Amino acid sequence: MTYIVTDRCINCKYTDCVEVCPVDCFYEHELMLVINPEECIDCGVCVPECPIDAIKEESFNLIEWIEINKNLSEESPNITKQKDPLINADKYKDEEGKYEKYISKVR
């Protein structure tokens, strides 16, 4: 089992979660954070730190997000320190369908 970041993080990038991770498995894509599922130790300490509930435990209905997190983590730099969220994070935090709108069309 692993934890993954879902599309709720897109255009937000709240980084409250990265400093609590004991294995530094977060990576910073330009529009969101992702977790490398092969590095995650399933401790769950990041989950309560996410202010927008974007981090979820692996489940059948999130299988595609495991692959998305894996692929994006391989092409993004590791992040271990908290940063400011994206400028318009509050504007985008409740938007639905962000992956299709902002990431899949450029991949």
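This is a predicted model: local features need pLDDT of at least 70, side-chain atom pairs count only at pLDDT 80 or more; totals for chains, interfaces and linings use all residues.
## Salt bridges

Across the whole structure, 6 salt bridges are found.

| Pair | Closest N and O atoms |
|---|---|
| Arg8 and Asp94 | 3.7 Å |
| Glu28 and Lys83 | 2.7 Å |
| Lys101 and Glu95 | 2.9 Å |

In the pair of Arg8 and Asp94, the closest N and O atoms are 3.7 Å apart. The bridge ties together distant parts of the chain, 86 residues apart. Arg8 sits in the loop between β1 (3-5) and β2 (26-28), and Asp94 sits in the loop between α2 (89-92) and α3 (98-103). Arg8 is partly exposed because its relative accessibility is 24%. Asp94, at 54% relative accessibility, is exposed, because the cut-off for exposed is over 50%.

Glu28 and Lys83 form a second bridge, with 2.7 Å between the closest N and O atoms. Here too distant parts of the chain are linked: Glu28 belongs to strand β2, while Lys83 is in the loop between α1 (63-74) and α2, 55 residues apart. Is Glu28 buried or exposed? Glu28 has a relative accessibility of 16%, so this residue counts as buried. Lys83 has a relative accessibility of 42% and therefore counts as partly exposed. Through salt bridges with shared partners, Lys13, Glu28 and Lys83 are joined into one network.

The bridge between Lys101 and Glu95 has its closest N and O atoms 2.9 Å apart. Lys101 lies in helix α3. With a relative accessible area of 38%, Lys101 is partly exposed. Apart from neighbours within four places in sequence, Lys101 is in contact with Glu95 and Glu96. Glu49 is 52 residues from Lys101 along the chain, and the C-alpha atoms of the two are separated by 26 Å.

## Two buried residues

Asn69 is found in helix α1. Its relative accessible area is 0%, so Asn69 is buried. Which residues does Asn69 touch, not counting residues up to four places away in sequence? They are Ile4, Val5, Val34, Ile35 and Pro37.

Thr15 lies in a loop, the one between β1 and β2. Thr15 has 2% relative accessibility and therefore counts as buried. When residues up to four places away in sequence are left out, Thr15 touches Leu33, Ile79, Gln82 and Lys83. Lys83 is also the salt-bridge partner of Glu28.

## Cavities

Rolling a probe the size of a water molecule over the atoms shows where empty space is left. In this structure there are 2 cavities of 30 Å³ or more.

The largest cavity has a volume of about 80 Å³. It is lined by 14 residues, and those closest to its centre are Cys21, Cys25, Cys40, Cys43 and Cys46. By class, its lining has 12 nonpolar, 1 polar and 1 charged residues.

The second largest cavity has a volume of about 40 Å³. Its lining is made up of Val5, Cys9, Tyr14, Cys17, Leu33, Cys50, Ile52, Ala54 and Ile55. How many of the residues in this lining are nonpolar, polar and charged? The lining has 9 nonpolar residues, no polar residues and no charged residues.

## Cysteines

A disulfide is a covalent bond between the sulfur atoms of two cysteines. How many disulfides does the structure hold? The number is 0.

Cys40 is in no disulfide, and the nearest cysteine sulfur belongs to Cys25, 4.7 Å away. Cys40 has a relative accessible area of 14%, so Cys40 is buried.

Cys46 is likewise in no disulfide; for Cys46 the nearest cysteine sulfur is that of Cys43, at 6.2 Å. The relative accessible area of Cys46 is 7%, which means that Cys46 is buried. Cys25, Cys40, Cys43 and Cys46 are among the residues closest to the centre of the largest cavity.

How values were computed
Residues are numbered from 1 along each chain as its sequence is written. Side-chain values use heavy atoms; hydrogens and water are left out. A salt bridge is a side-chain nitrogen of Lys or Arg within 4 Å of a carboxyl oxygen of Asp or Glu. Helices (H or I, at least four residues) and strands (E, at least two) are DSSP runs, numbered from the N terminus. Buried means under 20% relative accessible area, exposed over 50%, partly exposed in between (1.4 Å probe, protein chains only). Contact means heavy atoms within 4.5 Å. On a 1 Å grid over the protein atoms alone, a cavity is a set of points where a 1.4 Å probe fits but cannot get out, and a pocket is an open set with protein on both sides within 12 Å along at least five of seven lines; lining residues have an atom within 4 Å of a point. Grid points are joined across faces, edges and corners, and a volume is the space filled by probe spheres set on the points. Ala, Val, Leu, Ile, Met, Phe, Trp, Tyr, Cys and Pro count as nonpolar, Asp, Glu, Lys and Arg as charged, and the others, Gly among them, as polar. A disulfide is a pair of cysteine sulfur atoms within 2.5 Å.
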